[in-house]
Amino acid sequence: MNEAFVALNWRTVPTLPARNPQAHKGSFGHVFAVGGGPGMGGALALACVAAYRVGAGLVTAVGHPSAIPYLAAYLPEATWRDWPASFADLPDQAVLAVGPGLGQGLAAHDLLREIGTLSCPQVWDADALNILARFGPELLAADALRLFTPHPGEAARLLGVPVAAVQADRVAAICRLQARYGGYWVLKGHHSLLLGGGRWLCSLGNPGMATGGSGDVLTGILAGLLAQDLEADKALSLGVCLHARAGDLAAAQMGEASLLARDILAAVPRVLQELAQNNDGN
């Protein structure tokens, strides 16, 4: 538990490989973003756009029917499924981004019970984590690659401790989370901690990113990277650094107080271009 967490350098994190000229949209995976409860369609839309911005070939939003008209207008590139939805017909390259705007009602509980039985790669955030805290590790019935992205409050609920206890020893908290639930973890906050096959911290980011929707963007980024067959550790380190660097670029332009999640999204292509240029220069 006392093993050091190594600071990531965004200029040397893994980046996306060059695209094959013969590739088609099916070559880059299919993200299913599950959330968008009543009044929360925006969270689902942010995750969907983020998955597309990092290169996912196809994105499908699975949301409450009341959210679909708004989502369709905001993101015509995505396809849609209404709640209740079955996941029995997922394609081979499917990755689930679970939680943006999900809510904690009975329908959300039913969705999570089914998703917990699936073996495809998954990213869990927001209300998916709150429901997981209520039911415990038994909800994760199937063996699957899962990335979890709690903020301190969600981490506290998952561990059954006060938030102050998480903040007092964040290293111990993230280690306990992995020991209890398995998988790969990001404990978000100042100098986010990452725990998978390795241990890292991300010193990028700024307080302006503490705004509604920022976590939904990260969820979509991580799912979009996994959909392109990046190894979990690479997706974790690239995704967190990409998100944080985009937040820093956006804050430099907009100011921290004015920063919106959509500003982080708008900066994602610039960061990918910077990383590609860095990779070309090595």
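## Close-up views of a predicted model

**View 1. Helix α4 and its buried residues.** The buried residues of α4 are Asp 127, Ala 128, Leu 129, Asn 130, Ile 131 and Leu 132. Buried means under 20% relative accessible area, exposed means over 50%, and partly exposed lies in between (1.4 Å probe, protein chains only). Helices (H or I, at least four residues) and strands (E, at least two) are DSSP runs, numbered from the N terminus. This is a predicted model: local features need pLDDT of at least 70, side-chain atom pairs count only at pLDDT 80 or more, and totals for chains, interfaces and linings use all residues. Residues are numbered from 1 along each chain as its sequence is written, and side-chain values use heavy atoms, with hydrogens and water left out.

What do the buried residues of α4 pack against? Their partners are β5 (94-98), α3, β6, β7, α5 (152-159) and α7 (170-181). Contact means heavy atoms within 4.5 Å. Gly 136 follows α4, and its phi is positive, near 85 degrees.

**View 2. Helix α3 crosses helix α4.** Helix α3 covers residues 106-115 and helix α4 covers residues 127-135. Their axes come within 10 Å and cross at roughly 80 degrees. That makes α3 roughly perpendicular to α4. Axes are lines fitted to C-alpha atoms, for helices over the stretch in contact, and angles run from 0 to 180 degrees between N-to-C directions. Angles under 35 degrees count as roughly parallel, over 145 as roughly antiparallel, 65 to 115 as roughly perpendicular and the rest as oblique.

Which residues meet here? From α3 come Ala 108, His 109, Leu 112 and Arg 113. From α4 come Ala 128, Ile 131, Arg 134 and Phe 135.

View 3. Ala 126 sits in the loop between β6 and α4. Its phi is near 55 degrees, a positive value in a residue other than glycine. Is Ala 126 buried or exposed? Ala 126 is buried, with a relative accessible area of 16%.

**View 4. An aromatic cluster.** Ring pairs link Trp 124, Phe 148, Tyr 181 and Trp 185 into a cluster. Rings of Phe, Tyr and Trp (its six-membered ring) pair if their centres lie within 6.5 Å; planes under 30 degrees apart count as stacked, over 60 as edge-to-face and the rest as tilted. By this rule the count comes to three aromatic pairs. The ring centres of Trp 124 and Phe 148 are 6.1 Å apart and their planes stand at 55 degrees, so this pair is tilted. It links distant parts of the chain: Trp 124 is in strand β6 (residues 122-124), Phe 148 is in strand β7 (residues 146-148), and they are 24 residues apart. Trp 124 counts as buried, at 0% relative accessibility. Phe 148 counts as buried too, at 1%.

Phe 148 also pairs with Trp 185. That pair is stacked: 4.4 Å centre to centre, with 20 degrees between the planes. This pair again links distant parts of the chain, with Phe 148 in strand β7 and Trp 185 in strand β8 (residues 184-187), 37 residues apart. At 0% relative accessibility, Trp 185 counts as buried.

View 5. Gly 182 lies in the loop between α7 and β8. Gly 182 is partly exposed, with a relative accessible area of 25%. Leaving aside neighbours within four places in sequence, Gly 182 is in contact with Phe 148 and Leu 177. The C-alpha atoms of Gly 182 and Leu 249 are separated by 33 Å. Along the chain, these two residues are 67 residues apart.

**View 6. His 191 in a loop.** His 191 is found in the loop between β8 and β9 (192-195). It has a positive phi of about 60 degrees, although it is not a glycine. His 191 is partly exposed, with a relative accessible area of 31%.

**View 7. Two residues of helix α9.** Ser 237 is in helix α9 (residues 232-254). Ser 237 is buried, with a relative accessible area of 5%. A polar atom of its side chain lies 3.3 Å from the backbone oxygen of Lys 234. Not counting residues up to four places away in sequence, Ser 237 touches Leu 8, Val 13, Pro 14 and Leu 194.

Met 254 is found in helix α9 as well. Met 254 is partly exposed, with a relative accessible area of 39%. Its C-alpha atom is 9.7 Å from that of Gly 208, 46 residues apart along the chain.

Notes. A polar contact is a pair of N or O atoms within 3.5 Å; within protein, one must be able to donate a hydrogen and the other to accept it, and residues adjacent in sequence count only if both atoms are side-chain atoms.
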